[in-house]
Amino acid sequence: MIDPRWTSLMAGLALAACSADEEQARTLADAAPPHTPEPYVQVTHPEWTRDAVIYQINTRQFTREGTFAAAAGELPRLAGLGVDILWLMPVQPIGEVNRKGPLGSPYSIADYTGVNPELGTLDELKAFIDEAHALGMHVILDWVANHTAWDNPLVAEHPEWYSRNWAGEMQPPPGTDWSDVVDLDYSHAGLREYMSDAMAFWVREVGFDGFRADVAGFVPLDFWEDVRAELDAIKPVFMLAEWETRDLHAHAFDATYAWSWWNRMHDIAQGRADAGAIRGWYFYDHHNTWPEDGYRMVFVSNHDKNAWEATQFEAFGEMLEAAIVLSVTGEGLPMIYNGQEAGNTDRLAFFERDPIQWREHPIGDLYRSLFALKEETSALWNGSAGAKMVDVPNSAPARVLSFVRRNMEGGVFVVLNLSGEAREVTFGTGPHHGAYTDRFSGERLEVGATTALALEPWGWRVLVLDTPGE
């Protein structure tokens, strides 16, 4: 006699198998047909990044005091400048072994969850973040995942987490002169767990809204992808990679560095290239090879460029204003380094105190106006939230870059003379036709097939499309 319980069990298994088959069939039916395009960028950008600009703070040099508390006093000014994301350079204690200079590099991390007492306390850092949030800004922390200070406790507690040279000795990151730090080895699951937990601490317990990842390409991509998912489970975060590779955008980072943009603009300013170099960057390299919704951070200065290579004035000379204009009106996520808006002429010291000398300056006025234009003009927003640049051919293509960015809500027509000679240029037919108001002079003009624009040496025009009712 067959046990009825056995019959019941077999019937249940058959039903479950049938249900699984049906579910699989439904899944296959619902799947997209073959060859359906999918967006490469799978990360979900926080909504507050769509019209954002970044401001980098070197806390050591940002104020006379060099502290979080003093920096908090400057936040209303930064909100008035129009910045949205504040990037703080590393805030942790700095290693003493093999230290460079009297104060050391902020990128030599002695304790991943500690606070450098020279900058203030954890409570003062939290107060800084709270005040930034109250003013509508978000704050990201510069994160050093690739290496630690030689006297970080991890060196003694987990020596297996560090890479070794041919002699079996711990070493700085290979190929660098970073003698004050020691290289980590991400083949160890324990290190990955430790590092991700430390990052989660700063988001969950301190209030940071994301991270700028130092030399992100020196750390395995799958680590960043895992961390991004873990952080997003706490709250939506913004992730910026100091690297220029498109695969970082798929599942890990919102934004990557556009070092190549800076290089091409610098070449033009120094007379080693013409306008075709940056036109090619946008309309050949960027449009053809980069994911549409992958933010590329563009800048005319940052802490590396300023400290080790050139001030904004040394790098771009008379072309500086045009470079700033393009960095905000062209495709890309704009960034400004502290002191640019004050016309800082110094290469700020990196391993010692060298406070910025603050003053009102025309560059600050230029950034303020451009940032306001970006916020109010959705065509200038970041990634797929904004409009693509469309090249407008002109009569001096080797010297002048001209383009439009337009959508149903408005747009701009930008013309930049990237040469030291005055020019009058014409454009013919194209997507630039329409009624505009010059953003800076207030002049209203109708642009058509016969329009000619006069440009001073290194001059520029930002024309804002008139919308109905204006």
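A pocket is an open set of grid points with protein on both sides within 12 Å along at least five of seven lines, and its lining residues have an atom within 4 Å of a point. Helices are DSSP runs of at least four residues, numbered from the N terminus. The model is predicted.

**Exercise 1.** Describe the second largest pocket in the same terms.

*Solution.* 
1. The volume of the second largest pocket is about 210 Å³.
2. Among its 19 lining residues, His286, Glu292, Glu331, Gly383 and Ser384 are closest to the centre.
3. At least two lining residues come from each of helix 10 (275–289) and strand 9 (295–299).
4. The lining divides into 6 nonpolar, 8 polar and 5 charged residues.

**Exercise 2.** Is His35 buried or exposed, and is Trp458 buried or exposed?

*Solution.* 
1. Most residues other than glycine have a negative phi.
2. His35 has a positive phi, near 75 degrees, and lies in the loop between helix 1 (4–30) and strand 1 (54–57).
3. The phi of Trp458 is also positive, near 60 degrees; Trp458 sits in the loop between strand 17 (452–455) and strand 18 (460–465).
4. Exposed means over 50% relative accessible area, and buried under 20%.
5. His35, at 81%, is therefore exposed, whereas Trp458, at 15%, is buried.

Methods:
Residues are numbered from 1 along each chain as its sequence is written. This is a predicted model: local features need pLDDT of at least 70, side-chain atom pairs count only at pLDDT 80 or more; totals for chains, interfaces and linings use all residues. Side-chain values use heavy atoms; hydrogens and water are left out. On a 1 Å grid over the protein atoms alone, a cavity is a set of points where a 1.4 Å probe fits but cannot get out, and a pocket is an open set with protein on both sides within 12 Å along at least five of seven lines; lining residues have an atom within 4 Å of a point. Grid points are joined across faces, edges and corners, and a volume is the space filled by probe spheres set on the points. Ala, Val, Leu, Ile, Met, Phe, Trp, Tyr, Cys and Pro count as nonpolar, Asp, Glu, Lys and Arg as charged, and the others, Gly among them, as polar. Buried means under 20% relative accessible area, exposed over 50%, partly exposed in between (1.4 Å probe, protein chains only).
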